[in-house]
Structure formats: structure tokens, C-alpha cells
Amino acid sequence: MSTQTNTEVKHYLDAMRDALSDLPAAEVAEIMDDAGAHVVEVAEEMGEEFSSAALVDRLGTPRAYAEELRVAAGYPSPTSPPAPGAGNRPVIMARFALWVLLAAAVTAFAFAVSRGEVAELTVLVALCAAAATLLVFRQEGLVAEIAKLPEVAAAKDALARAEKPGKSELRKALVSLRVFQPVWWIVRAVLIGAGGVLVYRPDGTFVVALAVAALSLVAGPKARTDRRWLWISLPATGFALGVLLLVVGTLATRFDSYPVNSAPVSYHPTPQSHDNIYVFDKDGKPLTDVHLYDEQGRPLNAPWYGCQGEDRDDNRYPRPRVVHDERGCREESGVPFTVVMPTVPTTTTSTTPPPSTVTQSPALTTAPTTTAVTTAAPTAVTTTG
């Protein structure tokens, strides 16, 4: 862009700024940031054909273009008279629209993070948000009334203090983030759609999520010059941030649920636990009041709960059996089955005579052959109850 073009663009922007001088300084700066980028872009597109007259033909006079941006942002013309009989009604509507906007953003965030558990409150706030959105789009000058509210003025003063020379780094950081706004609009739409597809069921909530995702793509760019679109863009941002936090938390939980175990692997299987233990002697007779211990002399204690709520925690077996049937709960002692123990291994010895006698060496004889045969019967278990 040539020096002359830069000078004429600067004059055009200065005239626009003068036309908006009646607005708060923060609002003028925000409007001019977006409008200035657009004017420069138009001037670069014209190239060699650029001229002040061509720029006016393309965008209109600086005052006309400023008035167009003023109306889009919801500010009345400085020459327009106040509505007759307005009274305090604009202030009430402005405060209603402002706080419903903030409540809608917070509730949308909570709805996403809680997986829809605050549905009742969300429906109520959503209805109020829809009413406030229709109000700001249909009521001319309502955005200007919102800008005049004390709470909004206090927020603007805080931002103005942050933009002082001593805090220019914060201002630069905020300005640099505007470059990524188009990327955020796309990411926000994807997060809203993901919230409907992955987090919630494909029902009415899913359809609403897709509709809000599509609408957020339109509301993002328009909200830069028309503040009325904030009533759509800000709740969409709250919902998207809630989905993002939910997804990050879910991934972190799943990652923590699979810890890396650096301890040496043991090849000894974990001992199997039992509710009851029955002990028999070698003849198959059940033994009662048996106390069990492990190889280190520690008692094998285990809890036991009866029908009356009493409990035991000792190593004495067997425990009474707790039976629940149509007659209620009862405790039964004894052994509910019988066993047949294996027979004791028997050894049968047979001696066979030597097949022959060596006559040449009477002192040498063949020793008798001994054969051992072992037999054992399997254990049999018979249930008696």
C-alpha cells in the first residue's frame, strides 16, 4: 500500500472516529479495531484503482459507515430524540437482558460439565435467554442502555485501567488473541457438536446442540460489530468450554485408572478365599471347632454375619450356614455333604523263586524279585442336604 493510500485511509478512519465520538471510549476503540481492519482490506483489494472517491463509493462516507456500525452495535443516533414515556422501562429491560446473558453463559457451562444433570434450571434460563435475545434484537437502542448501566461502566473502567501504559503487556496479549478468533469459532462449533454426539444421547439435546453449533459460527463474526449477537455467542462459548473441561477430565480419569506398575511381577497366584471351610479326618468324619493357621502361625480369620446381625471375625471353622428362603433367614449348623476319603495306599510284596541255580558257584545265588503295587480309590463327595 502506497503512502498516499495510507494517508487517505487514515483520514477516512479519523472521520469515522469523530462520528462515533459521543460513544464511550472503550466502545469506539472496539468498533474501530474491526472497522479499521475492514477498511484497510478494502483499500488493498482496490490496488492501483484506489482513491478516496472509490473508497466512498465502496463503503459510503465515513459518517454513513460509522452510523451503520453504530446501528449494528445497537446504539441510537446522537440526533435521535428519546422515546416518549420511556421512564425507567429501558433500564429495567437492559438490566434484565444483561444478567440473563451472564446467567445463560454460566448455566450452559454447568449443563455441559454436569452431563445435563441441571436440566430443569437450564430450561428455565434458556427460556429467559431466548426472551432476552428477542428483546435486544427487537428493541432499538437497548444495547446502548445496557452500556450505560453502572455494572457495565465499572467493568469498562477496569478494562481501561488494564490498558494503561504500565500494563501494556496485558493489552498486547489481549490484542494478539484476536488473531485466533476465527479458529476459536470453528473449535467452539466442533465442541458443541461433540457435546451432542459424544456426551449426550442423539435425541432432542443432540439436535439442539447441532443447531447451536451452526448458529455459533454465524454469531461469532457478527458479534464483533453487532453486540446483539453476544446473546447467542456468549452462551455458546460457555457450553463449549464446559464440554472441553468435561472431555479433558474424562481423559485424565481414564489415564489415571491405568497406572504403570513398576514393581516386580509375582508368579504366585493369589490365594482363593472361601465363605466356609469343612475339615474331615482320615475316616471321612467331619471335624468341628477347628482353628486354622497359615505357614507362619497366623490365624486365618474371616468375617461371618448371622441372621440377627451378629458377626464373627475368627479362625474357627466350620461356620453356621445362613439360609434365606420363603421362611425367612435361619442359621443351620452341621455339614451339608458327606465324603468318602481315599483308601490308604497298600503295598503287595510277592517273591518268586529263582529260575535256576548256578552249580559251578554254590556261594552265588539269585536274590528273590520284589514287586510293589500301589492302589488308591478316588474321593467321592455326596451332598446330604
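1. A definition to start with: a residue is called buried under 20% relative accessible area, exposed over 50% and partly exposed in between, using a 1.4 Å probe and protein chains only. By that scale Asp289 is exposed, because its relative accessible area is 53%. Asp289 sits in the loop between β2 (286–287) and β3 (290–291). Its phi is near 55°, a positive value in a residue other than glycine. As background for that, most residues other than glycine have a negative phi, and most peptide bonds are trans.

2. Some housekeeping before going on. This is a predicted model, in which local features need pLDDT of at least 70 and side-chain atom pairs count only at pLDDT 80 or more, while totals for chains, interfaces and linings use all residues. Residues are numbered from 1 along each chain as its sequence is written, and side-chain values use heavy atoms, with hydrogens and water left out.

3. Now the overall picture. The protein has 12 helices and 14 strands; these are DSSP runs numbered from the N terminus, helices being H or I of at least four residues and strands E of at least two. Of the 385 residues in the protein, 29% are buried. Its accessible surface comes to about 25500 Å², and carbon and sulfur atoms account for 62% of that (Shrake-Rupley method, 1.4 Å probe; for residues, only the protein chains shown count as cover). Taking contacts between residues at least 6 apart in sequence, 63% join residues at least 24 apart, where contact means heavy atoms within 4.5 Å.

4. Two packed helices are described by the angle between their axes and the distance between the axes. Helix α5 (residues 89–113) and helix α6 (residues 119–138) have axes that come within 8 Å and cross at roughly 140°. Axes here are lines fitted to C-alpha atoms, for helices over the stretch in contact, and angles run from 0 to 180 degrees between N-to-C directions. The angle makes α5 oblique to α6; angles under 35 degrees count as roughly parallel, over 145 as roughly antiparallel, 65 to 115 as roughly perpendicular and the rest as oblique.

5. Staying with that pair, α5 passes α6 in a left-handed crossing (the near helix is turned anticlockwise from the far one by less than a right angle; clockwise would be right-handed). Residues making the contact include Met93, Phe96, Val100 and Phe111 of α5, and Leu121, Val125, Cys128 and Leu135 of α6. By class, the contact of α5 with α6 has 15 nonpolar residues, 2 polar and no charged. Nonpolar covers Ala, Val, Leu, Ile, Met, Phe, Trp, Tyr, Cys and Pro; charged covers Asp, Glu, Lys and Arg; the others, Gly among them, are polar.

6. A second pair is α2 (residues 25–46) with α3 (residues 52–59), packed at an angle of about 120° with axes 11 Å apart. That angle makes α2 oblique to α3, and α2 passes α3 in a right-handed crossing. On the α2 side the contact uses His38, Val39, Val42, Glu45 and Met46, which meet Ala54, Leu55, Arg58 and Leu59 in α3. The contact of α2 with α3 divides into 6 nonpolar, 1 polar and 2 charged residues.

7. Ala147, in helix α7 (residues 142–147), counts as buried because its relative accessibility is 11%. Setting aside neighbours within four places in sequence, Ala147 is in contact with Tyr75, Val152, Ala153 and Lys156.

8. In helix α12 (residues 230–256) you will find Leu244, which is partly exposed at 37% relative accessibility. Leu244 and Ile192 are 52 residues apart in sequence, and their C-alpha atoms are 9.1 Å apart.

9. Gly334, between β8 (328–332) and β9 (337–340), is partly exposed with a relative accessible area of 43%. Apart from neighbours within four places in sequence, Gly334 is in contact with Tyr278 and Arg321; Tyr278 is 56 residues away in sequence and 9.5 Å away, C-alpha to C-alpha. Pro318 lies in the loop between β6 (316–317) and β7 (321–325), and the peptide bond from Tyr317 to Pro318 is cis, with omega near -5°.
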